[in-house]
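Hi everyone, thanks for having me. I'd like to walk you through what sits inside this protein chain, so please have a look at it first.

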Amino acid sequence: MYISRLKIQEAMCSRGIKTFTELADKVGITKNQLSLMISDNYNPFKSKVMDLCEALDVMPDDIINISTLNDPIPFHEEITPEDVTAIELFAGAGGLALGLEQAGIKTLKHVEFDKACCETLRTNRPYWNVTCEDIHNVDFTEYRGKIDIVTGGFPCQAFSYAGKKMGFDDTRGTLFHEFARCVQEVQPKMFLAENVRGLASHDNGRTLETIIYVFESLGYTIDNRKKILNACYYGVGQKRERIVIIGIRNDLVNDINFEYPTPDKEWTTLRTALKNCPPSIGEEYSAKKKAVFKLVPPGGCWVDLPDDVAKAYMGKSYYSGGGRRGMARRISWDEPCLTLTCSPSQKQTDRCHPEEVRPFTVREYARIQSFPDDWQFAGGIADQYKQIGNAVPVELSRRIGIQLKISIQEHKKRNV
């Protein structure tokens with residue numbers, strides 16, 4: 001039993017309470033005490049919870065969830081032999097999982113460590129089997145031979161071995177190792193691994209070489225199935241380049257044919273992505289920053305500022321090398337947004353609204369990542385931006401998922 005951050009946030013919005021600091025003041029406690037109250041280990045029957053309910057004008061049942069984040073939730077959907085099944089690791093806020101669901105793939109287990117992300121997943125899909133646990137502690141052997149695909153965007157932790165052929169055991173301690181361990185324990189027909197574009201060039205390509213070598217040592221063929229995709233050519237209003245690695249188990253490599261989705265001829269613009277976007281909460285610029293952005297036209301950045309303003313805004317970065325076109329950047333309606341980050345207003349990665357002098361709202365962030373408008377995000381505003389910024393775009397995931405499903409289903413039809 002725990003107090004739901006998402007339900008707290010909804011109550012705050014309806015009462016016009018903008019920040020957790022403001023809510024803490026109304027309850028008569030510190031922000032740190034409030035953070036403790038909405039952690040999943042807090043006893044919701046303590047006296048201050050009634051003060052919290054009074055501040056929000058809600059009943060305890062309106063903000064308390066009966067289950068805990070660690071309680072297993074069974075997958076209720078019936079699985080048939082014709083279904084394509086998956087396990088997802090590092091599920092985050094559900095961008096990849098939702099896209100695969102839209103493609104018709106049934107994911108039987110979603111593993112995620114971040115509690116706000118777990119609450120996001122369980123709020124939007126109560127029937128999903130969400131394991132809110134450190135992946136190092138998760139045993140996948142019960143799924144051996146029962147799952148078609150293992151998916152996930154493992155966080156990129158550097159391991160540089162200067163060209164040595166390092167094996168599976170030598171990657172121990174990294175989150176890539178845990179992804180590879182799941183593949184080893186489950187022995188799926190295929191896997192999908194997603195990561196930042198920079199993985200392809202990290203350490204002069206040796207990191208990616210090590211990753212591929214480990215997958216091959218586990219019995220999987222990759223060949224030309226690693227590819228850098230730019231989401232803006234796959235129905236997403238964002239220039240977001242990611243490397244996708246598809247592996248096929250060696251004994252099936254001649255019977256499973258995978259083709260990447262065909263890119264669109266034209267990119268998806270911000271105007272398309274944000275059409276009729278509903279209002280939501282969002283960060284705001286300081287008065288000083290607003291004064292700077294009022295001088296930047298749509299599609300412009302620091303180079304459009306008067307020289308003295310640019311120097312004052314950029315500081316030492318003004319004299320550094322490189323393009324730095326992300327600084328003081330206002331996005332144009334008729335281009336995709338630049339890659340979203342975990343914060344909408346950091347100076348090095350500014351993403352200003354085309355017309356208004358403000359960062360994108362939470363819902364605009366979600367739209368740019370192609371989340372549907374009814375997908376809710378748990379936690380405070382910083383948690384929500386972080387979850388969305390880290391997500392795999394839903395539409396890109398859906399299109400890749402369709403190709404994965406076709407590959408597995410055609411294989412199954414040939415082997416009935």
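Okay, one term before anything else: a nonpolar core is a set of buried Ala, Val, Leu, Ile, Met, Phe, Trp, Tyr and Cys residues joined through side-chain atoms within 4.5 Å. Buried means under 20% relative accessible area, exposed is over 50%, and partly exposed is in between, using a 1.4 Å probe and protein chains only.

Quick word on where this comes from. This is a predicted model, where local features need pLDDT of at least 70, side-chain atom pairs count only at pLDDT 80 or more, and totals for chains, interfaces and linings use all residues. Residues are numbered from 1 along each chain as its sequence is written, and side-chain values use heavy atoms, with hydrogens and water left out.

So, which residues touch the most other members of the largest nonpolar core? They are Leu89, Phe140, Phe179 and Phe191, in a core of 32 residues. Strands S3, S4, S7 and S11 and helices H8 and H9 each supply at least two of its residues. Helices here are DSSP runs of H or I with at least four residues, strands are runs of E with at least two, and both are numbered from the N terminus. H8, at 175-186, gives the most, with seven residues.

Let's zoom in on Phe140. Contact means heavy atoms within 4.5 Å. Skipping neighbours within four places in sequence, Phe140 is in contact with residues including Ile87, Leu89, Val111 and Cys182. There's also another core lying apart, of 28 residues, with Ala97, Cys337, Tyr365 and Trp375 among them.

Now the rings. Rings of Phe, Tyr and Trp (its six-membered ring) pair if their centres lie within 6.5 Å; planes under 30 degrees apart are stacked, over 60 edge-to-face, and the rest tilted. That rule gives 15 aromatic pairs. In one of them, Phe154 and Phe179 are tilted, 5.7 Å centre to centre with 55 degrees between the planes. Phe154 sits in the loop between S6 and H8, Phe179 in H8 itself, 25 residues apart. Phe154 is buried at 3% relative accessible area, and Phe179 at 0%.

Then take Tyr365 and Tyr385: their centres are 4.9 Å apart and their planes at 85 degrees, so that pair is edge-to-face. Tyr365 belongs to H13 and Tyr385 to H14, and both are buried.

Last stop, the loop between H8 and S7: Gln187 lies there, with a positive phi of about 55 degrees although it is not a glycine.
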